[in-house]
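This report describes a protein model for a reader new to structures. The sequence and the structure come first, and the description follows.

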Amino acid sequence: MAELSCEGRTTRDINAEIRRLMAVGEAVTARSPGARHNLAVALLERGEVVFDGSVGYYCAGLMDGATVRVRGSAGWGLAESMLSGEVVVEGSAGNSAGAAIRGGTVVVLGDSGARTGVSMKAGVILVTGSCGYMSGFMGQGGKLIICGDAAEALGDSMYETVCFVGGKIADLGNDAVVVESTDEDKEFLDTTLSRYVPPSLRANLPDGGDFRKVVAGRKLWNFDKAEWRTWEEAL
Amino acid sequence: MAESSPRVLQKSGIFSSRVIEDIQTKAESGVYRIRGYGTLRERRWATFDDLTFLPCSLTRIPLEGYREKCETRTVLGTRFAEQPIELDIPIMITGMSWGALSYNAKVALAKGASEIGSSNTTGDGGMLAAERANSRTLVYEVLPSRYGIDVHHMRLSDGIELTIGQGAKPGTGGLLLDSKVSGEIARQRELPAGVDQRSPARHPDMLGPDDMIIKIEELREATDWRVPIFVKLGASRVYDDVKLAAKAGADVVVVDGMEGGTGASPAILQEHTGVPTLAAVCEARAALEDMGLYGEVQLIIAGGIRDGVDAAKAMALGADAIYIGTAALIALNCNRPLYVEDYHKLGTEPHFCHHCHTGRCPVGVTTQDPELMKRLPIDEGAERVTNLLRAMTLEIQMLARACGKSDVHHLEPEDMAALTPEASAICQVPLAGTRRVWGS
């Protein structure tokens, strides 16, 4: 595994070096990331990068295919708009973790801030701790797993994202409803937790059957017909 | 017996027929009204029509109108990008989504713009492969919805536009009603087919200008610092917003005035929000000048630009380039008296149609219906777009030469006089017939 010190280097230089090492098949450990923003942005090849410390905004944003591990916490917009790949944060994540992802997996082995999974279109987001308000807002697809508590307005205005909550739900967002989990849901949750959560932490988390499932009630998907008639006739 | 005097009917100036109809419609439905196109109000504010050019006479020497060279080459993104955009003309096609527009319309715009050395912009919903293939220069829009966002497409683009808002409805998100969310569009946007898609107003991962500094750096990292980053603003607090965008690191600032168009939006937003384009360009220029960045950060102006005259006036007031949207759609036959019976089915007439929101566009421009779309052959549409862009460019050159300029970008406020006190005060050019700027 190649080592890279982030100290004294620009973000552009760090990212370029990570890409160069990945292109030749090296796994990379980046030391002293210093909570710097925009690290590991747009990694487009398979390969592994480990940040040995906390990272700032948009770490692993716009990524496709790589595996990124953060041995610390992450700022806003973790892995935003990711197409595929895997991002694991050993600490907590700021607001909008996994925003607008279209695939891949985001794991936060701590708490995650407001709007976790906002506008997510596919993929999986797993938070072993709790999530901030409006998590899952306008989610279009994929699965958001919150092992701890969900703050206010969970799952507001969603399309087809499915949220699973192991702890308390402070408040459901507009059009969010709790429905019965299926056996497939429980199996998916157990499999996902077993795969990404270390055994020492797993013992303290709920089992697949303990999660509540939250989906869109679909009442906001379309305006009502009276309104549509108005639009059609609008002059 | 005395003759009775003729009855004199007097209509309320407040409760006009249109207002009565609007109130009664809302009293029945209980909801606000939605439509497309942009503001329908008769002009009640200062516009480009309130300015006139002052061509050369004895004080300045004109260029030969049909002979002498007048440069139109336009370069955008010289501040930080390694590969600034170079266009042959200063008029560009603004972002309009595949979804709001038909496939044929999107491809026709791309081909038409490329033919004359201009650019096209993607719009909400991501990039269409045929759009890229047919665009010489393509600007990739990053919008709050992030529909179809794809880093690979971003890296294929020639510029990135981070859209904060649009002129027709600043402060709100997009709207695409169910008839236009076809299976194909739904797949592209990763939505259930047939929903009334309401896009978010805010970006999912950033809020204010401080976040935007970091977001711009992310977009540069994703594109290897190669392409220019535009920031597009719906015109509201233009002076402050432009300063914040420039400070955040934008290469190019786009300001879209309230006359800008839309595929669908609540009508009140189109009529009662935002700042007119004339005012917006003046505020934007002042902001850049006050920061010492005028000329370093390029300015694109959009919003109801109809012809080369509007474009030339906007450039004289400070724009480096001009976006057109609705005008380009009109070139594609929007509101043309073809298939008139289908206008009637919508309860409207050619020249009065603003029913883009219905998805039943009679001329195949703003529809996802395959049969309606066939009414817009791509190559014919592209030729019309090219012709419009050519004609507009010739108009700008004509005015520039008459004002003695060998480059259209040399047009300046001194080349114009105001025809109304309002325009004089806004544009800081003298009122015609006087030697003073109104209000100064």
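The largest nonpolar core has 201 residues, and those with the most contacts inside it are B:Ala250, B:Val253, B:Val255 and B:Ile322. Helix H14 of chain B, residues 378-402, provides the largest share of this core, with nine residues. The model is a predicted one. As a general point, nonpolar side chains tend to be buried together in soluble globular proteins.

**Two residues of chain B**

B:Ala250 is among the residues with the most contacts inside the core. Setting aside residues up to four places away in sequence, B:Ala250 touches B:Ile216, B:Ile229, B:Phe230, B:Val231, B:Ala245 and B:Val297.

B:Leu76 lies in strand E3 of chain B, which covers residues 74-76. Is B:Leu76 buried or exposed? A residue is buried if 20 or more other C-beta atoms lie within 10 Å of its own. B:Leu76 has 28 C-beta neighbours inside 10 Å, so B:Leu76 counts as buried. Apart from neighbours within four places in sequence, B:Leu76 is in contact with B:Pro84, B:Ile85, B:Pro228, B:Val252, B:Gln298, B:Asp320 and B:Ala321. B:Leu76 and B:Gly159 are 83 residues apart along the chain, and their C-alpha atoms are separated by 9.4 Å.

**Chain A as a whole**

Chain A contains four helices and 11 strands. Along the principal axes, the C-alpha atoms of chain A fill a box of roughly 60 × 55 × 25 Å. What radius of gyration would a compact globule with 235 residues have? The value would be near 18 Å; chain A has 19 Å, which agrees. Of the 235 residues of chain A, 54% count as buried. Among the contacts in chain A with a separation of 6 or more, 24% are between residues 24 or more positions apart.

**Where the chains touch**

The contact between the chains takes 43 residues from chain A and 31 residues from chain B. On the side of chain B that touches chain A, the elements listed below each supply at least two residues.

| Element of chain B | Residue range |
|---|---|
| Helix H1 | 17-29 |
| Strand E1 | 34-35 |
| Helix H6 | 209-222 |

H6(B) gives the most to this side of chain B, with five residues. By residue type, the side of chain B that touches chain A divides into 13 nonpolar, seven polar and 11 charged residues.

Technical notes:
Residues are numbered from 1 along each chain as its sequence is written. Chains are lettered from A and ligands numbered from 1 in the order in which they are written. This is a predicted model: local features need pLDDT of at least 70, side-chain atom pairs count only at pLDDT 80 or more; totals for chains, interfaces and linings use all residues. A nonpolar core is a set of buried Ala, Val, Leu, Ile, Met, Phe, Trp, Tyr and Cys residues joined through C-beta atoms within 7 Å. A residue is buried if 20 or more other C-beta atoms lie within 10 Å of its own, exposed if 12 or fewer, and partly exposed in between; C-beta atoms are placed from the backbone. Two residues are in contact if their C-beta atoms, placed from the backbone, lie within 7 Å. The radius of gyration is taken over C-alpha atoms; the globule rule is 2.2 Å times the number of residues to the power 0.38. Ala, Val, Leu, Ile, Met, Phe, Trp, Tyr, Cys and Pro count as nonpolar, Asp, Glu, Lys and Arg as charged, and the others, Gly among them, as polar.
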